[in-house]
Structures are given as structure tokens and as C-alpha cells.
Protein chains: 2
Amino acid sequence: MRFRRVAVIGVGLIGGSFALALKKARLAGHIVGAGRSRANLRRALKRRAIDSIAASPAAAAENADLIMIATPVSHFPRIFSSVRNKIKSTAILTDAGSTKRDVVAAARKGLGRKVSQFVPGHPIAGAEKSGVGAASGDLFEGKRVVLTPIRGNPPARVRTLEKTWSKVKAKVSTMSPREHDEVFAAVSHLPHLLAYGLVSDIAGRRNAKQLFGYAAGGFRDFTRIASSHPEMWRDICVANGDCLLHELSLFERRMKRIRSMLKGRRARALEKTFAAARLARDRWLKGRA
Amino acid sequence: MRFRRVAVIGVGLIGGSFALALKKARLAGHIVGAGRSRANLRRALKRRAIDSIAASPAAAAENADLIMIATPVSHFPRIFSSVRNKIKSTAILTDAGSTKRDVVAAARKGLGRKVSQFVPGHPIAGAEKSGVGAASGDLFEGKRVVLTPIRGNPPARVRTLEKTWSKVKAKVSTMSPREHDEVFAAVSHLPHLLAYGLVSDIAGRRNAKQLFGYAAGGFRDFTRIASSHPEMWRDICVANGDCLLHELSLFERRMKRIRSMLKGRRARALEKTFAAARLARDRWLKGRA
């Protein structure tokens, strides 16, 4: 299994790593990149993540056997429309968007009947760094990739994509777009929102400088994800707003209970809550190792 | 400057690291340890963090020139009372408690007139690991230590303690106990509470196993501090409840604003908030490096 020509639209951390990983696993012949930033594309060329630069997503998609869209999801509608008449009938389209219901809706609208060639995907390999400079051919090793196939996807194409991700050592699973968006609202989107919220909160204080001066390792790790790409997270928040608002409500309900323990100085209840959280987290870490 | 005899009461991560750091800097003659867990004290002896084990805090304090109390703060009242009649008049007492107003109140009550010998302190070098096994003689290098001197402390003793911390390469600063508790409620206690809250929230779901299954690196770092010592954090929450509740309210107010951006799908406002948070965090990290 080898793709003669691969198009990567959006050659950032994820797109660039996908290109490098395909090359490492010898799965790609020629890789063409497209994107907004010429400087970034030139860096990608220099790093040999891509072999050539296309003038537009449409030009990149032409004749490609595999097309990966890895831009912020707000660009997807325009990209789908522009590649619609360029993709060949045997091409597989996929993406790396962090939300899936909106991506599927955009694909239906932009690709029309060709939507059956589109197999949505989400590699869980984000980082607070962005750009092809942070990309790595090992990025997906041991990481999860969720595919959310849609009605009409030929099973053979879904399998080809699954195998491709497996060959770059990712752990592939499938679920529905809705289930995907619910799960990631809880374990990814909400933590990002809270981290951004805490840093905003501190940064907005009159004594922000003093406060940051005493922030230490715990604060650094808790807020690491608040250094994530603002545009990407804006898109995630808009696309997955309903699930995220639901998660925020559940979290607030939990914090309300903790608040009442604090107010009542209920030491045992607090300790029990903390101990249960530590146990759950430690079990999770053990299971991952 | 050298302490002939040092007592460390509570030889865990902080107490053990303090002992190791004093030895490394050749500031201590004999170090005696006291604590609840014999097994932990034996480990401390084996690691040469301490030179002998005392049967009780009072026995450890007797004849000591420097006494470091590094147990969870809920044990402080009992410890202060028990050492009161044992400490010599030239001894310096200090502590490593994460809250300071409650510690000062306990010291006044437990030590009586001898409270002037007590110079409260807080090394900002916590970790989610606990016990002497995680201790290290380098733990305080480049880390901050806050002293919160109280009325009656002889300035020379405060200076001696400052110098001691400086010799183990900590960055020492001083503030009032109230200011300390306010600052750390914001940059340490609240993040811990939120991390515990998020893990509790996820762990309490029917589909907790599935959710944890898709949690990745962002979640791991965000929740690292939810693996912290439950007893210690219980004490911090009870001791600093008023400041922590205030911080929680400020955070909730910020989240309410973010919630309304989400609800209104106000993409630009979200992106602006995220970009400002990222900028503030990146500036902070740069300033620390």
C-alpha cells in the first residue's frame, strides 16, 4: 500500500508530522503541500516534509491519491468547495480536525456527491506548539486516531485509511461524529477552556506581575494548554459549543459541591474527594503505560 | 554559619529535601528526624537525609539549633505544644507549610511567648510525589521560598534563615502571612482545586472508562496536580478557605464571560481571549527562563 501522490493542505504541526510519518513509513511517493503561509511551506520543503508547493488547495488536490486537510476547521468549507471538481474518483480525502460534526456538515455541503470519498479523522496528538517547525515523523506513534466514517464511505477506503494510520504506529478506533464531539468536549475541549480561563483571570489582575512571579511548576503544567493555537481553539469552541457548554455545566455542578465543602470546612469530604481523584488519575496513568 | 544540630519534623518530600540540601551545602552537623511513619524515617536514614530518628517531635527538638516542621499543617498545633518546653532559647524554628495565617495562629497558641523564635516559611517546590523517596538535595535550587516574619522575630534570626535558604540556592522573598495566602490561593490553591474537580467530574461519569481512554497529553498535564497529597490539600483548603473561595468566585466570573462568548458563538471574542492568555503565559515563561 503506497500513495503515489499525497496532498497535505495545511502543513503545520499535524499536517507536517503526517507528511514526515508517511515518508518514514515509505507510504508516499510525492507529497505536495498547500497552505496560507509561504514561509511555513518553504520550511516544510526544507525539512523534506513535502516535495513541492502547490499554489492552492485545488492545485494540490489534483491527481492526488490521498488528501489530508489539516488546517483550522474554519477553513474547511472553502477548501471542500475548491477541491470538489479537482479530486479524482479514486482519491481518499481525510482530515485532522478536532471536531467532527461540523466537518461532516461542511464536507456534505462543499463536496456534494463526492462526500463519500471523505473519511473524517482526528489524530489525538495536539501540542501547544504549532507550525511545521514542531512537526515530527514520530508524532503519532502510540497515539490514538479516531475515524468517524460517514454513510456512503466505501468500507475498503475506510480500511485503507485505518491501515495507513496503523503503519505510522497510531492506535486507530472509530466512533460516530457526535460521540467523538461529546468525548472530546469532556477530556480535551473543557480543560483547554479552563486553562485559558485561569490564565486570563490572573493576567487581568492589577497585581498580575506579582501573581505570575510566584506561580510555579503546578501552574505551569496546569496552564500548558493555554499556550495552544488561539485560532484553532476558537474554531473548536464554535463548532462544538453545545457539547462544551454541557460539559462546562457538569463541571460547574461538581465545583459547586466542592465549594460547599470549602464553605462548610468539611475536611473529610474534601480529603475524600481529593483522594478519589488522585486514585482515578493514577489508575488512568497506569493503564496508559 | 552551620547548625550543630538540626531537627526535621516530617521527613517527606520537603523535609527530606531540606535535610539533603543542608548536608549538601555543609550547613548541618547532625540531623535528627521525627515523623509518623517509621518506615519512611528508616528510608530517610538509609538515604542519609537524617542521621538519627527521634521518638517524638519533642525529642527531636531538644537541643536543636534549627527546627524545620514539614508535616501537613493540621499537625502543627500538636507539634508546637509538644516542643514548647524543649526548645532552647537560641533555636530557630521554621516550617514549610503551604498556608501561613493558620500556621502563625497555631504557633502563637502552641508556643506562647516563644513564638518570637518561629519564622514562618514556605518553599515553593511542591510536586505531585510525596515521601522521602522523592526527596532531593537540589529540590530548592532556583525555586522561590517565601518567609512571612512575624512581629517579635529578632531580625538576626530572620537573616540567618534567609541565608540558609540562599545557600541551598533558593530565591528568598518576604511578605505578610495574609499576602502570602492571597497570592497562593490564586496561583496554586485554585488550580489544584480545579484539577481535582475535573478529575472527580470525569471519574464520576458512567462512561468514565471511555472518557479516560481518549484523554491525552493535555489532560495529563492539566491534571498532574490532582495526583497531589490529599491530606495536605485538605489542610490547605481548610486553612485558606476564605481566600480560596474568593479566588473561585473570580474564576467563575471569568468563566461566565467565556460561557457567554460560547453561547453567542462570538468567535472573535473567544480568539482574542485565547490569544491574550497565550501571550501572557508565554511572557511569564520567558521571564522565568
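Which residues of α11(A) meet which residues of α7(B)? In this predicted model, A:Leu250, A:Phe251, A:Arg254, A:Met255, A:Ile258 and A:Leu262 of α11(A) meet B:Leu193, B:Leu194, B:Gly197, B:Leu198, B:Ser200 and B:Asp201 of α7(B), where contact means heavy atoms within 4.5 Å. The residues of this contact comprise 8 nonpolar, 2 polar and 2 charged; Ala, Val, Leu, Ile, Met, Phe, Trp, Tyr, Cys and Pro count as nonpolar, Asp, Glu, Lys and Arg as charged, and the others, Gly among them, as polar.

The model is predicted, and local features need pLDDT of at least 70, side-chain atom pairs count only at pLDDT 80 or more, and totals for chains, interfaces and linings use all residues. Residues are numbered from 1 along each chain as its sequence is written, chains are lettered from A and ligands numbered from 1 in the order in which they are written, and side-chain values use heavy atoms, with hydrogens and water left out.

**Helix packing**

Helices (H or I, at least four residues) and strands (E, at least two) are DSSP runs, numbered from the N terminus. Axes are lines fitted to C-alpha atoms, for helices over the stretch in contact, and angles run from 0 to 180 degrees between N-to-C directions.

| Helix pair | Angle | Axis distance |
|---|---|---|
| α11(A) and α7(B) | about 125 degrees | 9 Å apart |
| α7(A) and α11(A) | roughly 60 degrees | within 8 Å |

α7(A) is therefore oblique to α11(A), and α11(A) and α7(B) are likewise oblique to each other; angles under 35 degrees count as roughly parallel, over 145 as roughly antiparallel, 65 to 115 as roughly perpendicular and the rest as oblique. The crossing of α11(A) and α7(B) is right-handed. Within chain A, the contact of α7(A) with α11(A) divides into 9 nonpolar, 1 polar and 5 charged residues.

**Symmetry**

Chain A is superposed on chain B by a rotation of 180 degrees with 0.0 Å of shift along its axis (RMSD 0.0 Å), by least squares on the C-alpha atoms of residues with pLDDT of at least 70 in both. The two copies are thus related as by a two-fold rotation axis. The C-alpha of A:Phe222 is the nearest to this axis in chain A, at 2.0 Å.

**Sheet of chain B**

In chain B, an open sheet of 3 strands has the order β7-β8-β9, with mixed pairing; two strands pair if DSSP finds at least two bridges between them. Its edge strands are β7 (121-123) and β9 (171-174). Strand β8(B) is joined to the parallel β9(B) by 4 bridges.

Terms used: A crossing is left-handed if the near helix is turned anticlockwise from the far one by less than a right angle, and right-handed if clockwise.
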